[in-house]
Amino acid sequence: MPACVCTRACVRACLRACVRTTKVTPGKGVLHVAAGVGPEKAVRLLLAAKAKPNTVASTMGGFHPLHVAASRGRLDVVTLLLRAKADPCATAANMCTPLHAAAAAEDSCAVQPLLDAGASLSAVTLAEHQVG
């Protein structure tokens with residue numbers, strides 16, 4: 001079974017919010033796409049339709065939707081995902097956390113909400129990059 005499974009309700013919610021499903025590829029769920037490029041409304045609708053905020057993409061290095069939103073500096077989406085119980089300490093395949101992704105983004109506005117939610121400053125990636 002694929003790691004990223006969306007229900008029909010998730011897909012319908014995403015379509016209602018105008019996220020083009022043609023961008024969804026195997027291994028990457030609609031919540032990942034919405035977190036990265038979709039309108040905030042799409043993320044809200046997907047979460048209301050029970051999309052899982054801690055879904056791991058089997059592609060994209062094992063990123064969670066929170067990694068995607070943080071890496072793009074999407075403060076509104078990061079906040080929504082954290083409210084939906086997304087794990088601020090989630091690790092991707094290279095041990096990168098959403099905080100690493102936020103710190104590497106050109107717009108690092110997502111750093112503070114991640115810290116407030118309990119993200120660790122001492123997390124180290126496989127390349128031994130530390131945030132703090």
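Which residues does L31 touch, not counting residues up to four places away in sequence? In this predicted model, L31 touches V43, L46, L47, A51, K52, P53, P65 and L81, where contact means heavy atoms within 4.5 Å. The model is a prediction in which local features need pLDDT of at least 70 and side-chain atom pairs count only at pLDDT 80 or more, while totals for chains, interfaces and linings use all residues. Residues are numbered from 1 along each chain as its sequence is written, and side-chain values use heavy atoms, with hydrogens and water left out.

The protein contains 7 helices and 0 strands, and along the sequence the pattern reads α-α-α-α-α-α-α. Helices (H or I, at least four residues) and strands (E, at least two) are DSSP runs, numbered from the N terminus. Of the 132 residues in the protein, 45% are buried; buried denotes under 20% relative accessible area, exposed over 50%, and partly exposed the range in between, with a 1.4 Å probe and protein chains only. Among contacts between residues at least 6 apart in sequence, 63% join residues at least 24 apart.

In soluble globular proteins, nonpolar side chains tend to be buried together. The largest nonpolar core here has 28 residues; such a core is a set of buried Ala, Val, Leu, Ile, Met, Phe, Trp, Tyr and Cys residues joined through side-chain atoms within 4.5 Å. L31, V43, L66, A70, V78, L81 and L114 touch the most other members of this core. The elements that give two or more residues to this core are α2 (30–37), α3 (40–48), α4 (65–71), α5 and α6. Of these, α5 gives the most, with 5 residues.

Helix α5 spans residues 75–83. Its buried residues include V77, V78, L80, L81 and L82, and what covers the buried residues of α5 includes α2, α3, α4 and α7 (111–116). For D76 and P39, 37 residues apart in sequence, the C-alpha to C-alpha distance is 9.8 Å.

Two packed helices are described by the angle between their axes and the distance between the axes. The axes of α2 and α3 come within 8 Å and cross at roughly 155 degrees. Axes are lines fitted to C-alpha atoms, for helices over the stretch in contact, and angles run from 0 to 180 degrees between N-to-C directions. The helices α2 and α3 are therefore roughly antiparallel to each other, given that angles under 35 degrees count as roughly parallel, over 145 as roughly antiparallel, 65 to 115 as roughly perpendicular and the rest as oblique. The crossing of α2 and α3 is left-handed, that is, the near helix is turned anticlockwise from the far one by less than a right angle. On the α2 side the contact is made by V30, L31, A34 and A35, and on the α3 side by A42, V43, L46 and L47.

The axes of α3 and α5 come within 9 Å and cross at roughly 10 degrees, which makes α3 roughly parallel to α5. This contact is made by E40, V43, R44 and L47 of α3 together with D76, V77, L80 and L81 of α5.

Several loop residues were also examined. T55 lies in the loop between α3 and α4 and counts as buried, at 16% relative accessibility. A polar atom of the T55 side chain lies 2.8 Å from the backbone oxygen of K52. The cut-off for a polar contact is a pair of N or O atoms within 3.5 Å; within protein, one must be able to donate a hydrogen and the other to accept it, and residues adjacent in sequence count only if both atoms are side-chain atoms.

Just after α5, K85 takes a positive phi of about 75 degrees, although K85 is not a glycine. K85 is found in the loop between α5 and α6 (98–104) and counts as exposed, at 65% relative accessibility. M95 is found in the loop between α5 and α6; this residue, other than glycine, has a positive phi near 70 degrees. M95 is partly exposed, with a relative accessible area of 35%.
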